[in-house]
Amino acid sequence: MKKFFALIFLLAFCASAQEAAEDSSIVKIEHKSLLLNAVSWPFVHIVQPTVELLMYPIIPPLLYMSRENLIERGKELITFGEKRQIMFYPIINAKVGSQASIGFAYWHSDTFFDDDRIFFSPHLYVNADWDVAMRYRKNKIYGSDFYWGLNASYREDGDNGFRDMSGTEYFFTDSSVYFNPYGGLKFAENWGLELGISFNFYRFDYPNLDENIIEGDSVSNRGFYKNYEAYPLTFSLLHNSLDMPYAATRGRRFSLSYTYTPVSMYNDTKDHNYHVVESRLVNYNLLGGRSYAMTVAESNANRERLKNLTFAEAVEILNPINVREEILDRRVLITQLRMRYMLEENEGKAPFTAMSKLGGNFPLRAYEDGHFTAPLVLGVSNEYRWPIDRYADALIFNEYGLYGKDFSRLHLSSLKNSYGIGFRIRTPHFFITRFALAFHGRHGVTLILTTRPEFD
């Protein structure tokens, strides 16, 4: 059974590993905020011990993975080249319904030039749908702070869908193509500017499954079952001061962007253009008094202690009462604020692809991506996180989302909430996988097992 769980974690690692180097330094941080102490008290003394008790069933595979060095071994299995600059690994997404897929990913650093990277990944779904994505980026052009890149993708999706503000669901076939060249400049400390243009060739047709076809002017004006092109031009202000990409304890990520999107003719008119303003802030606060990440020395000592443990002994070691001095001093509070506002030039004429989507990581994890759509969506997430091993974190989260036509027409009736518990496997520099149980209201529950980070 332990080896079975270990294999699952290894496959999850193969689905998202990225080239990185470990940082074994430790930073001493003094925590003096009375306000943060007061805020974190119920988490430390009530919620956190409860979550750890609920997580006891996954403790054995985590300990096995840690003491057998499966992360390091997995990286060696999928890394190639003289400089270990190539990564090739299978991808298995075990999801409910037609979203389950298999595929592979190919990463190659220093492909054509120094400081460049290419990524290529196709996926085949259980219903014979497929898609493919490619990304390329070149940093430090002529040794400067300029960079440029290209994103491209294509899909053959026979059962794509969309849910409008009233909850009506639309189904259609989708064979769209996307190209997104961009360039940017890093300036000052942790700040950057980026300019990009996308060439989106939307190809939508009637569903090839036994689904109802919805007709009418509103459907036609929004571009359902139509073919058209859109050319978003985006200008962004970016900031990133995180101390680590995937095990951050301090700093923030911020983005503010404006997009103008001309849309080609469909439904015999060309009045479908729209504007978008989008912003996101993710802030990390270390609530404890020690470095969040375990050092190599600490991890090795911990693994020696954990060797040959029985399950009962592991439960005793990780009992909240016994780990309070070592673990509860390492905890992080993450807050995410997000907003996206789409303004159409002619009311009721912007295509449905312009709409803002609420759900998934934006930020309602108990709902699928795009479960709620509207011109305006707002969201806030709070996540309380603490390490249970060098590569593993436990977490709890609570988040709210609000959607409406504009700021003057936001109502509490559209306020949605989700909350839950989970754990994540990562190193400081690359993300591996996360698992969570997410709830909404009294009835909804979602099981999440994904290689996608929470706040990307």
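Lys83 sits in the loop between β1 (79–80) and β2, where strands, like helices, are DSSP runs numbered from the N terminus (helices being H or I with at least four residues, strands E with at least two). This is a predicted model, so local features need pLDDT of at least 70 and side-chain atom pairs count only at pLDDT 80 or more, while totals for chains, interfaces and linings use all residues. Residues are numbered from 1 along each chain as its sequence is written, and side-chain values use heavy atoms, with hydrogens and water left out.

Back to Lys83: with a relative accessibility of 66%, Lys83 counts as exposed. The cut-offs here are under 20% relative accessible area for buried, over 50% for exposed, and partly exposed in between, using a 1.4 Å probe and protein chains only. In sequence, Lys83 and Ser109 are 26 residues apart, yet their C-alpha atoms lie 9.4 Å apart in space.

Strand β2 (residues 86–93) and strand β3 (residues 101–109) run antiparallel and are joined by 8 bridges; two strands are taken to pair if DSSP finds at least two bridges between them. Within this pairing, Tyr89 stands opposite Ala105 of β3. On to strand β4 (residues 116–125): β3 pairs with β4 in the antiparallel sense, over 7 bridges. Here His108 has Ile118 in β4 as its bridge partner. β3 and β4 make a hairpin with 6 residues between them, and Asp110 in the turn has a positive phi of about 50°.

Strand β12 (residues 233–240) runs antiparallel to strand β13 (residues 251–261), with 8 bridges joining them. One of the pairs puts Thr234 across from its bridge partner in β13, Thr259. β13 is also joined to strand β14 (residues 274–286), again antiparallel, by 11 bridges. In that pairing, Leu256 stands opposite Ser279 in β14.

What about charges? Side chains of opposite charge can pair when their charged atoms come close. The structure holds 18 salt bridges, each being a side-chain nitrogen of Lys or Arg within 4 Å of a carboxyl oxygen of Asp or Glu. One of them is formed by Arg155 and Asp174, with the closest N and O atoms 2.9 Å apart. This pair links distant parts of the chain, 19 residues apart, with Arg155 in strand β6 (residues 146–163) and Asp174 in strand β7 (residues 169–174). Arg155 is partly exposed, at 30% relative accessibility, whereas Asp174 is buried, with a relative accessible area of 2%.

Another salt bridge joins Arg365 and Glu399, whose closest N and O atoms are 3.4 Å apart. Because Arg365 lies in the loop between β16 (356–358) and β17 (372–374) and Glu399 in strand β19 (residues 392–404), the pair ties together parts that are 34 residues apart in sequence. Both ends are out of the way: Arg365 counts as buried at 6% relative accessibility, and Glu399 is buried at 0% relative accessible area. A further salt bridge brings together the side chains of Arg426 and Asp393, at 2.7 Å from N to O. Here Arg426 of strand β20 (residues 416–426) is linked to Asp393 of β19, 33 residues apart in the chain. Arg426 and Asp393 are both buried. These two pairs belong to a network of salt bridges that links Arg365, Glu383, Arg385, Asp393, Glu399, Arg424, Arg426 and Glu454.Finally, there is the second largest pocket, with a volume of about 520 Å³. On a 1 Å grid over the protein atoms alone, a pocket is an open set of points where a 1.4 Å probe fits, with protein on both sides within 12 Å along at least five of seven lines, and lining residues have an atom within 4 Å of a point. Grid points are joined across faces, edges and corners, and the volume is the space filled by probe spheres set on the points. The lining has 22 residues, of which Arg222, Glu344, Met355, Pro375 and Lys405 lie nearest the centre. Two or more lining residues come from each of α5 (217–221) and β15 (332–344), and β15 gives the largest share, 4 residues. Arg222 is found in the loop between α5 and β11 (227–230) and counts as buried, at 19% relative accessibility. The side chain of Arg222 makes a polar contact of 2.9 Å with that of Glu344, and also reaches the backbone oxygen of Ala350 at 2.7 Å.

How values were computed: A polar contact is a pair of N or O atoms within 3.5 Å; within protein, one must be able to donate a hydrogen and the other to accept it, and residues adjacent in sequence count only if both atoms are side-chain atoms.
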